[in-house]
Amino acid sequence: MSENQNKVVLTGTVINVDMKNDKYPKYTVKESGNAEYPMTITFDCNSSKIQSLPLKGDNVEMSGYVGSREWNGRYFTGVSCVYCKVLEKHKTIVPESVNTAGQFAENDEVPF
């Protein structure tokens, strides 16, 4: 089989990060664009080989190779990530700190 026949390239948004194994995290990416049925693929990554690990909500371009192995008559298929580029970081809105230190100072009566 040719190397290009099992290559997968997907541009989209990271919708899930599974860090059960710190060295081999799994990233689920949902395809971006105007597709009626967007593709969702989970990439198995080797964190020591990926320069910039994405976070949930980041827009990324990921590529990898589909592989399958047989064990006890069952087949297990996965996509091994070989390249990850973070296109845009997820913007987190940080709320302003709320200062309630003197809010109830005028009326200290307890209603019970």
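How many bridges join β3 to β5, and do these strands run parallel or antiparallel? In this predicted model, two bridges join β3 to β5, and the two strands run parallel. The close-up views below place this pairing in its surroundings.

**View A. The five strands form a closed barrel.** The strand order is β1-β2-β3-β5-β4, and the pairing is mixed. On average, neighbouring strands of this sheet are turned by 55° against each other, direction ignored. Strands of a sheet pair through backbone hydrogen bonds, in either a parallel or an antiparallel manner.

**View B. Strand β2 is joined to β1 and to β3.** Six bridges connect β1 with β2, and these strands run antiparallel. Within this pairing, Val-14 has Val-29 of β2 as its bridge partner. Five bridges connect β2 with β3, again with the strands running antiparallel. Here, Lys-26 has Asp-44 of β3 as its bridge partner.

**View C. Strand β3 has a covered and an uncovered face.** Ile-41 and Phe-43 make up the covered face, whereas Thr-40, Thr-42 and Asp-44 make up the uncovered one. In a regular strand, side chains alternate between the two faces of the sheet.

**View D. The largest nonpolar core comprises 15 residues.** Val-29, Ile-41, Phe-43, Cys-45, Val-60, Met-62 and Cys-81 are the residues with the most contacts inside this core. Two or more core residues are given by each of β1 (7-18), β2 (26-31), β3 (40-44), β4 (59-71) and β5 (74-88). The largest share, four residues, comes from β5.

**View E. Surroundings of Phe-43.** Phe-43 stands opposite Val-79 in β5. Not counting residues up to four places away in sequence, Phe-43 touches Val-8, Leu-10, Pro-25, Lys-26, Tyr-27 and Val-29, and also Met-62, Ser-63, Gly-64, Val-79 and Cys-81. Phe-43 also lies on the covered face of β3 and is among the residues with the most contacts inside the largest nonpolar core.

**View F. Ser-63 in strand β4.** Ser-63 counts as buried because its relative accessible area is 6%, and the limit for a buried residue is under 20%. Not counting residues up to four places away in sequence, the contacts of Ser-63 are Lys-7, Val-8, Val-9, Phe-43, Ser-80, Cys-81, Val-82 and Tyr-83.

Notes. Residues are numbered from 1 along each chain as its sequence is written. This is a predicted model: local features need pLDDT of at least 70, side-chain atom pairs count only at pLDDT 80 or more; totals for chains, interfaces and linings use all residues. Side-chain values use heavy atoms; hydrogens and water are left out. A nonpolar core is a set of buried Ala, Val, Leu, Ile, Met, Phe, Trp, Tyr and Cys residues joined through side-chain atoms within 4.5 Å. Buried means under 20% relative accessible area, exposed over 50%, partly exposed in between (1.4 Å probe, protein chains only). Contact means heavy atoms within 4.5 Å. Two strands pair if DSSP finds at least two bridges between them. Axes are lines fitted to C-alpha atoms, for helices over the stretch in contact, and angles run from 0 to 180 degrees between N-to-C directions.
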